Structure formats: structure tokens, C-alpha cells
Amino acid sequence: MVRGASAAATQTATRASTTGTITRDGVRGGVGTNADRPDGVPKVQGRFGFSSDAFAEGMLWGRTLRSPHPAARIRSIDTSAAEELEGVAVVLTAGDVPGTATFGLEHPDQPVFASDVVRYQGEPIAAVAAVHPEIAWRAVQAIEVDYEELDPLVDAEAAIDAEPIHPDGNVVRHIEVVHGTPDDVTGEVVVEGTYEVGMQDQAFMGPESGLAIPDGEGGVDLYISTQWLHVDRDQVAACLDLPAEQVRVTLSGVGGAFGAREDVSLQVHVCLLALRTGRPVKMVYSREESFFGHVHRHPARMHYRTHADRDGTLVKVEARLIFDGGAYASSSTAVISNACSFAAGPYRVPNAHVQGWAMRTNNPPCGAMRGFGSVQVCFAHEAQMDKLAAELGVDPVELRLHNALETGDRIITGQRISGVAPVRECIEAAAGAPLPDDDLGEPLQFPGGTGRTADRGDVRRGVGLAVSVKNLMYSEGFDDFSTAAVRLELGADGDPTATVHTAAAEVGQGFVTLAQQIVRTELGIERVHLRAADTSIGSAGSTSASRQTWMSGGAVKGACEQVRERLLERVAEARNVDLAGARREVLSLRDGAIRHVDEHWSVPLTDALVDAPVEETYEHHHVKTDPFDEHGQGDAHVSFVFAAHRAVVDVDPGLGLVRVRQISTGQDVGRALNPRAVVGQIEGGIAQGVGLAVMEEILLSDGRIRNPSFTDYLIPTALDMPEVDITLIEQPEPGAPFGAKGVGEPPTISSTPAVVAAIRAATGLDLDRVPVRPDDIALAHADA
């Protein structure tokens, strides 16, 4: 169900439930409509080409040898048996890397191939190329590596003072946030707690895959599923010792991402193999290898102390955050920055002292995942708000409303919120949604589902609420930008046609749809084509941080505006119209023609384009941000986005089984540019939040992954999904293209703590770790 929270939002709700393809100005499929995805039909029909479908005549198959140990010294590597196998073209190790031996998203600290030390289970040791994938697998098995196993460092907190496992040390980043005068303030009521979040996997459906084709002149073309084409190119080029222009990266079909494709996985390996053999090489990870081949969500241990006055006004928040980044840095510096920035939640907190550490350990590397640091602290600060409400004897919803941030307030990093901050509206929407019927339904709808293990009389219902805040775009002074080119010309049939070119990675979020909507709205035409995303145009940045709508959407909008200006100038010159100063307003592009407002004449767009097309390239930047000072203060973020979730759960305490019956949410979206797509993002994000709450975790034993498969790593299915009730809070964001905010991350952030709060309400248990396992409930219930 989709509802609106304002007149604009009501229109959005109506459009989301109908065809909704016509904008107010009559353009079909423009901004604000439920425009269809251009890749939608091919995907559901199985005709869409994913990167794993790539093919080149005469291609070889690549495979990676990975360490079975989380910590070890490499005494020797013998590849001779592998090289002698018939059908093996090449075997590569660290000595075969011609350029930089290390790579990394933010810091080049990870070896292309380990040569002396192994720092996590699954670290690449060698790569092979062969004429058949089975021969490549046999070759990998034939490589002999003599390891000296070491005791792995797997405790992130112990790593602070432990012997370094990496030349750069164990501490990737330490941040201290001091806001107000925390040493001089103590609340009348103080609640305290320690919380843990397990390691979650992005669990995308399409494992890593790519195809590298040498160009015969020393360069290489890489077709890859990724989130950031230009950063991939730069890392690959450095490792290959090639100029960037000799590494050309084109986006292939992406089967989901959620952060895991920001880091390089097989890119360097497959290009090395292709250049050494002089033949195309394809690599496709198995599901098990994928678990070892990409980063995961940071596990976290967080200790909180929350101070308030008797009336519920928050006075101070103290927090100590330990994030396990695994063996290499990836994006840990930015993740811990976000965690510290939003450690107090979407609330007014005049005093705060937060310390955060991102640590290296011998656990699997961790990096970007949907919610990016906010997920972990939201679980903690929302549990604290519920504890505080219980201590004060007040309604937890009212406590949140009493402290909710508003426009003009400051967060704990000292930054004033200059944009819209509808925290109250989000809370009221989520809390005010209709509750599901008390009837538990049929037995298959009980906790345990098809197992039919729960008895109706044993099931208890609980309701919980949680609220979140997160930043949009990159922070701390990063020069974030996106580039887009728009070409307007007459098609083969004589109709105006626009072509859009960006390097924005479409990973399922729907930017390919939005780009077409923006062009239709800005130029008033319906036919819009999209060129493949590649590195022949300037960077679009990463498809992450909920940024592409704002950044690449802004770039497409800017390019369209320049195309329109060029058209107006062309017609003005032909008609001797003076466009100086305010006179520019006498011409406009609408309804398929350039129109003069005073003289009542028009030039059809087809006539304006008959002599030559118009093409413009635009680079969009957001407002400048600043690094944090030594106290973690500064205007480090561009904009903020908020959401609230209320969960209703049914629990069988004796068996520890949970059924999430309903999630209602109010989400700050700025303006819904495609309401149906917004709803899809919210529903999908909630699924990942529910997964983290009750089932999703990579289980580790001394640094080793115990469940690298979708048999043992559990993710929600359609049968696990609850009813979802959505209210879109539409308050346009100043400075954002069309007033829109990114929508992909908030659904994942506060849905998890809302579910756990509801389980606490149903059971009375003080659950301080996610995911909540059946034993956490059943054993505690048995002891009660």
C-alpha cells in the first residue's frame, strides 16, 4: 500500500497505483510518472545480457587460486604441474604483475596476488587461463603452495593493541567526535548498552564475472559488472603499468550490487590473463567463490551511554564504536566516518563524545553495503531510545517526536541541516499506519511457516519502531561530480531523438529509466536512447551513497539545459531575435517547437534540427564539503535523508521463531521522480533489513567462512516478506535536481532495529545483537 503525506504525495500515491505515464505538460514518460524501465521486459523475458553472458570468439576461461587459510606465510609456490596440463595457456603469480603490485578503492593496500603473507581466507595467490573452465579448475588444483599457518587476528577490539598484520598497521581509521561540552554534562536519567551487528553479505543474484579482450596494441577492453567504471579503470591501469586510456571499461549487465561491486574483484586478474595470452579471457565466479571474492558489511561492536532529562530531552550521547574492516581497508575510512556522524541518530543532541575505530583483522575484507555505517549505529541508538523510554515510563514514539531533528538543527558533527528534515512526518506516518488484523491467519502464516511447528496459543505479537538518518553523496571534501552528454538529432524516420551517454552504472536501481524521464521533461520529446556506460566519457562516480539521482541526474539535466540553449540560439540567429539579457525569455522549447512569446510564431523541432544535431556535455558538482577537524566537527556532508519504520511481528518464544507480519514506513524522498521505482526500492531495502534482523549473517570460525552458499547463508524469500505499507514524504530538497533525494538506502537502515524492537516487545527480552537467532529467544525464554 502506498499513501501520501501531503497534496504532492497524494498525487504520487495515485500515480503509483495506476499507469501514470503522462506528466502535467503532456510529455509521456517524463519526471514524476511511472515510466517503464527500458531493461524491464528483456529481464523478465530472460533476454537481457548480463556480464556472465559475455562471449568472444576464441576466448579462454580464467580461474583464481585462493588461500585456504586466514593467516599464513607463503614458503613457496610451484606452478609447474598446472602449466604442464594440456589446454592451460598461462599461470600467473605476483611476479607477473607488471605495474603496481597492490590496489584498493581508497588506499592501495591489497596485493593483486599474495606473495609472502596471506591475510584472509580466500586471498588470491595465482590465476590461470585455459581453453575450458574445467581445465582451468584442474590447473588451479594442481598449483602447490607451501604455507606456514599463523594464528589469525580475528577480534577487532583486540586488534587496536595487537601486533600489526599489515605494514600500514591495524587501525585503518580512528575518529573522535566531541560536540558541545560532554565532560561537563550528565543527564538526570542514563541508560547504557552494548550492541553487536553481524557480518551481512550483499547476496546479489549475479556472481562476479567479466570479459577482457586485448586490442593487439598493448591495451585491453574490459566488459564488467561494476559500480564505478573509472575507478576500476584507474586501478587496473596502474597494476598493468598502462596509461588509463589504454584500459577501456564498458559496463556489462549487472545482477545486483548493493556496494559489493565498488571494489575490484577479478578485474586485474582477467586483464592480466588476456594481455599475457593475447586472447580474450572470461572469468565467472561460482557462488562460493563470490563469498570470498567481494567485501561484506562491517561487523560492529558498539557501547552506548545515553543521557536525558526527566522530561525526555536528550542531553548527551557517548559511544564507542569498533568496526571490523577485515584484512584490507576498502572503504572502511568512509564507513566509520558515517557511523560516527550519525551515532546519535536523527535527534537533537547538544553534547556528544563518540569514538570510532575501523580495524584490520584476518577476517574477510569489509566495505560498502547499503546503508554504509548508518545501519550498525541505527541498531544501537534506536535500542537506546527504547531503553530510555522504558526508564522514563513514556511512549517510545513520543520520546522520538520530542527529540526529532528539524531544519536548522545541528547534528553531532556540528553541521547545521540546511535542507528539509521531515523526521516528525516520517515518524507519524510509520506509527500512524493501520495495524494488521489480530488474527494470525492460516497455520502457514504462523512463525515457522511451512514447518507448521508453532501453535496458535503460543504466538505473541509485538510492535516496534525505529528512525534513521543518513547522508547523501560523498563527504569530507571529496570532489564528487558526474558527467553526461546529450545529443539531439533527427532519427532515421525524421522524428527528434535524444541520445544520453554517461558512465553511471545501472545496477538495478533504475537510473536508465530516470535518465530518459529527465530528457523527456527537459526537451519535450519522447524518443530517448541510452548509450552503453563506459569510460570514453568522463566519470559519473560510483553507483552508491544514494547519489546517482542527484549527481548523474543533475548532469543529464544540465546537459539538456545546454542543448536547449543551443537550439534557442540557433533559431534566434536564423530569425534575427535578440536574446541579450532578459530577452532570452522570449523563446522557449515546448510542445515540440521553439516558440516566440511575443510574435506568436514557432519553429518545429524537426526544422531546427534539419541542418545539424546539437550535442552538449555537462559536469555536475554538488556543494563543497569540508573535512572534519580534530574534534570530528565540520560541514562534511551534502544532504541528509530520513526514514521511520514500524514493525509488527509474531513470535513463538518457546521455539524462537519469528514471523514479520508488517512493516510500515514513512520515508523522506524529496520528490518522487518515478513513484513506482521509489516503491520498488523501498520494498527491496526492507527485505534486506528484515534479513539482517532475523537471518542473514556470514558465520566465521577463526577467520574462516562457514556458510559460503545460499543453502547456508539465509536470505528472505517472497514467503518471508511482510506486508509493506509505504508513505512517501515529499518535501523538495533545495539544491537537488527536481528536489529529489536518493531513496535506496534508508529502507535498509531502520527496518532492522524496528523488527528487533518488535521482537523485544513480544518477548520482553533484551536482545542486543543482530541477526536475532532462534536460540537467542528460545534459550532466554526457557531460562525466564
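## Helix α7

In α7, the buried residues are Q267, V268, H269, V270, C271, L272, L273 and A274. This is a predicted model, so everything here describes computed coordinates. The helix runs over residues 267-277, and with eight of its eleven residues buried it is mostly covered.

## Where α10 meets α11

Next up is a pair of helices: α10 covers residues 374-392 and α11 covers residues 396-403. Their axes sit 9 Å apart, and the two pack at an angle of about 110 degrees. Angles from 65 to 115 degrees count as roughly perpendicular, so that is the label for α10 against α11. The crossing itself is right-handed.

Who does the touching? On the α10 side there are E382, M385, D386, L388, A389 and L392, and on the α11 side P396, L399, R400 and N403. Sorted by class, the residues of this contact come out as six nonpolar, one polar and three charged.

## Where α11 meets α12

Helix α11 has another partner in α12, which spans residues 423-432. Here the axes come within 9 Å and cross at roughly 165 degrees. Anything over 145 degrees counts as roughly antiparallel, and that is why α11 and α12 get this description. The crossing of α11 with α12 is left-handed.

From α11, the contact uses V397, R400 and L401, while α12 brings in R424, I427, E428 and A431.

## Helix α14 and the residues around it

Helix α14 takes in residues 548-575, which makes 28 residues. From first C-alpha to last, α14 reaches 39 Å, close to the 40 Å expected at 1.5 Å a residue.

Most residues other than glycine have a negative phi. S546, in the loop between β22 (528-530) and α14, has a positive phi near 50 degrees. N576 follows α14 and lies in the loop between α14 and β23 (587-590); its phi is positive too, near 55 degrees. Are these two buried or exposed? S546 has 14% relative accessibility, so it counts as buried. N576, at 71%, counts as exposed.

## A cis bond at P771

Most peptide bonds are trans. The one from V770 to P771 is cis, with omega near 0 degrees. You can find P771 in the loop between β32 (769-770) and α19 (774-783).

Last stop: W228, in the loop between β13 (220-224) and α6 (229-240). Its relative accessible area is 11%, so W228 is buried.

Which residues does W228 contact, leaving aside its neighbours within four places in sequence? They are L105, E262, Y474, F478, S539, G541 and S542. As for V264, that residue is 36 residues from W228 in sequence, and the C-alpha atoms of the two are 9.6 Å apart in space.

Definitions and conventions
Residues numbered from 1 in each chain as written. Predicted model: local features only at pLDDT ≥ 70, side-chain atom pairs only at ≥ 80, totals over all residues. Heavy atoms only, no water. Axes fitted to C-alpha atoms, helices over the stretch in contact; angles between N-to-C directions. Helix = DSSP H or I, 4+ residues; strand = E, 2+ residues; numbered from the N terminus. Parallel < 35°, antiparallel > 145°, perpendicular 65-115°, else oblique. Left-handed = near helix turned anticlockwise from the far one by under 90°. Contact = heavy atoms within 4.5 Å. Nonpolar A, V, L, I, M, F, W, Y, C, P; charged D, E, K, R; others polar. Buried < 20%, exposed > 50% of the residue type's maximum accessible area, 1.4 Å probe, protein only. Expected span 1.5 Å × (residues − 1).
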